[in-house]
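The following note sets out numbered points on the model shown below.

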Amino acid sequence: MSELIIDDVSMRFGGITALDGLSFTIGSGQICGLIGPNGAGKTTLFNCVGRIYQPDGGSIRMDGKELLGVPAHKIAGHGVARTFQNLGLFPSLTFLENTMAGAYARGAGGYVRALLRLGQARAEKQLKAEAYELLDVLGLAGLAFRPAADQPFGTLKRLELARALAAKPKLLLLDEPAGGLTHSEVDQLSSTITRIRDEFDLTILLVEHHMAMVMGISDIIIAMNFGKKIAEGTPTEVRSHPEVISAYLGAPTS
């Protein structure tokens, strides 16, 4: 588990302010839901934490370490892993191979060499065992040797979780994990997220439009609008906050 501190983060794209002095803290082991209308700045912040974007100012620290100085290709090695709104899997690879790719993302030396058979049979065996265990945890062990191509979308969402967990993160970033899922699949995913948080000692930042899911599993919620934080608190507190109601419904705050 790790504490994440977002401190006065700002970012502009030309004349548009995407993030405007945003600050909040996610406690170690918490699930934090990040909500707001389209264009609120959620994805921009998410991509700053994941090191896809470099903000214009501010600080993003995990356990006291500044992440903004970490190159994107090394962020997994610092304990940060993510899933993607649009699946970033390898369709021609098996479920097991896709999961093993997550271990490579954390810099698991020997993964590439193992695949090339450069005297790394033991490393390959260990990575396969770890990947298979993750698939088993997510109910996917029966698909371990099947290619990811043409599998149901909900199943592939769980596979992407397995791949992210293979990086052995302390902080897991979930980008619209419920997108495209059926109601029953969303319920299943909600249970899975809380379970893996507990089993793997994770801190989770969740960007999601499915409000029932966010309200159901988040310890804290940060509501954004026009790049600013407009509310912070428990699901009950944020749900009834007048600025949140205004942002979603267009109602006056007075």
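Is Thr17 buried, partly exposed or exposed? At 28% relative accessibility, Thr17 counts as partly exposed; buried means under 20% relative accessible area, exposed over 50%, and partly exposed in between (1.4 Å probe, protein chains only).

1. Basis of the note. The model is predicted, so local features need pLDDT of at least 70 and side-chain atom pairs count only at pLDDT 80 or more, while totals for chains, interfaces and linings use all residues. Residues are numbered from 1 along each chain as its sequence is written, and side-chain values use heavy atoms, with hydrogens and water left out.

2. Surroundings of Thr17. Thr17 belongs to strand β2 (residues 16-26); helices (H or I, at least four residues) and strands (E, at least two) are DSSP runs numbered from the N terminus. Leaving aside residues up to four places away in sequence, Thr17 touches Met11, Arg12 and Phe226, where contact means heavy atoms within 4.5 Å. Ala141 lies 124 residues from Thr17 in sequence and 45 Å from it in space, C-alpha to C-alpha.

3. Helix α6. The 17 residues of α6 (residues 183-199) should span 24 Å at 1.5 Å a residue, and the end C-alpha atoms are 24 Å apart, which agrees; the expected span is 1.5 Å times one less than the number of residues. Buried in α6 are Val186, Leu189, Ser190, Thr192, Ile193, Ile196 and Arg197. They cover an arc of only 170 degrees around the axis, which puts them on the same side of α6; the arc is that of the directions from the helix axis to the C-beta atoms. Their packing partners are β3 (31-35), α5 (153-166), β7 (171-175), β8 (203-207) and α7 (211-217). Asp201, which follows α6, has a positive phi near 55 degrees.

4. Helix α1. Seven of the eight residues of α1 (residues 42-49) are buried, so this helix is largely enclosed by the rest of the structure. The buried residues are Lys42, Thr44, Leu45, Phe46, Asn47, Cys48 and Val49. Just after α1, Arg51 adopts a positive phi of about 70 degrees.

5. Nonpolar cores. A nonpolar core is a set of buried Ala, Val, Leu, Ile, Met, Phe, Trp, Tyr and Cys residues joined through side-chain atoms within 4.5 Å. In the largest one, of 47 residues, Phe95, Leu135, Leu159, Leu172 and Ile193 touch the most other members. Helix α5 supplies the largest share of this core, seven residues. Ile193 touches Ile31, Leu174, Pro177, Ile204, Met213 and Ile217, not counting residues up to four places away in sequence. A second, separate core of 29 residues includes Met11, Ala40, Ile60 and Leu171.

6. Aromatic pair. The structure holds one aromatic pair. Phe13 and Tyr53 form this edge-to-face pair, at 5.5 Å centre to centre and with 70 degrees between the planes. Rings of Phe, Tyr and Trp (its six-membered ring) pair if their centres lie within 6.5 Å; planes under 30 degrees apart count as stacked, over 60 as edge-to-face and the rest as tilted. The pair links distant parts of the chain, with Phe13 in strand β1 (residues 4-13) and Tyr53 in the loop between α1 and β4 (57-62), 40 residues apart.

7. Cysteines. The count of disulfides is zero, a disulfide being a pair of cysteine sulfur atoms within 2.5 Å. The sulfur of Cys32 is 15 Å from the closest cysteine sulfur, in Cys48, too far for a bond. Cys32 is buried at a relative accessible area of 0%, and Cys48 counts as buried at 1% relative accessibility.
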